[in-house]
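Hello,

Here is the structure I promised to hand over. Please open it first, then read my notes below.

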Amino acid sequence: MAQNLFNLLNLLPMPVWLGMILFPRTKYTQRLVMSYWYFIALAGVYVLFIIVSMFQGGGLSLTFDGIREGLSTEWGFLVAWAHFIVLDLFTGVWIFRDAKYYGINPTLFLIVTLFAGPLGLMIYLLVRQRKSKQDPVRTLN
């Protein structure tokens, strides 16, 4: 069951990722990145996994050993994976929307963020910093 939930969890955000990477200018993608329904749905799945994990694993301990033990279970792993999926998607959507303002093509940053979230964000922010120095609104301050 956990394997099937893992597979489903990986598929849920794919329409958003594929829209941003492959079809960034379509009305569908524009509406999708302005909506929050998928964050709400994924956050609901995350909360459900936490609840099941607590009942399966005997509670929630916020100590180092407690978290390590909790993550070593199937449900604990699903909790952590859902956490990664939601935050990486949030980061990707933010990059997509922010890049539009700065006139940056977000495709490369989105691909890196999809596979290595923080690395994609770091690279995007470095490029954005250089680009923002050329922004006339920001140079007035």
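An axis here is a line fitted to the C-alpha atoms of a helix over the stretch in contact, and angles between axes run from 0 to 180 degrees between N-to-C directions. Keep that in mind for the helix pair below.

First, a caution. The model is predicted. Its chain has an average pLDDT of 88, and 92% of the residues reach at least 70.

Now the helix pair. Look at H2 (residues 14–22) and H7 (residues 107–132). Their axes come within 9 Å and cross at roughly 155°. Angles over 145 degrees count as roughly antiparallel, so H2 is roughly antiparallel to H7. The crossing of the two is left-handed.

Which residues of H2 and H7 meet? From H2 come Met14, Trp17, Met20 and Ile21. From H7 come Thr107, Leu110, Ile111, Thr113 and Leu114. Of the residues in this contact of H2 with H7, seven are nonpolar and two are polar. None is charged.

Last, find Gly44. It sits in helix H4, residues 37–57. Is Gly44 buried, exposed or partly exposed? Its relative accessible area is 37%. Buried means under 20% and exposed means over 50%, so Gly44 counts as partly exposed. Then find Val127. Gly44 and Val127 are 83 residues apart in sequence. In space, 34 Å separates them, C-alpha to C-alpha.

Best wishes

Conventions. Residues are numbered from 1 along each chain as its sequence is written. This is a predicted model: local features need pLDDT of at least 70, side-chain atom pairs count only at pLDDT 80 or more; totals for chains, interfaces and linings use all residues. Side-chain values use heavy atoms; hydrogens and water are left out. Helices (H or I, at least four residues) and strands (E, at least two) are DSSP runs, numbered from the N terminus. Angles under 35 degrees count as roughly parallel, over 145 as roughly antiparallel, 65 to 115 as roughly perpendicular and the rest as oblique. A crossing is left-handed if the near helix is turned anticlockwise from the far one by less than a right angle, and right-handed if clockwise. Contact means heavy atoms within 4.5 Å. Ala, Val, Leu, Ile, Met, Phe, Trp, Tyr, Cys and Pro count as nonpolar, Asp, Glu, Lys and Arg as charged, and the others, Gly among them, as polar. pLDDT is the predictor's confidence in each residue, from 0 to 100. Buried means under 20% relative accessible area, exposed over 50%, partly exposed in between (1.4 Å probe, protein chains only).
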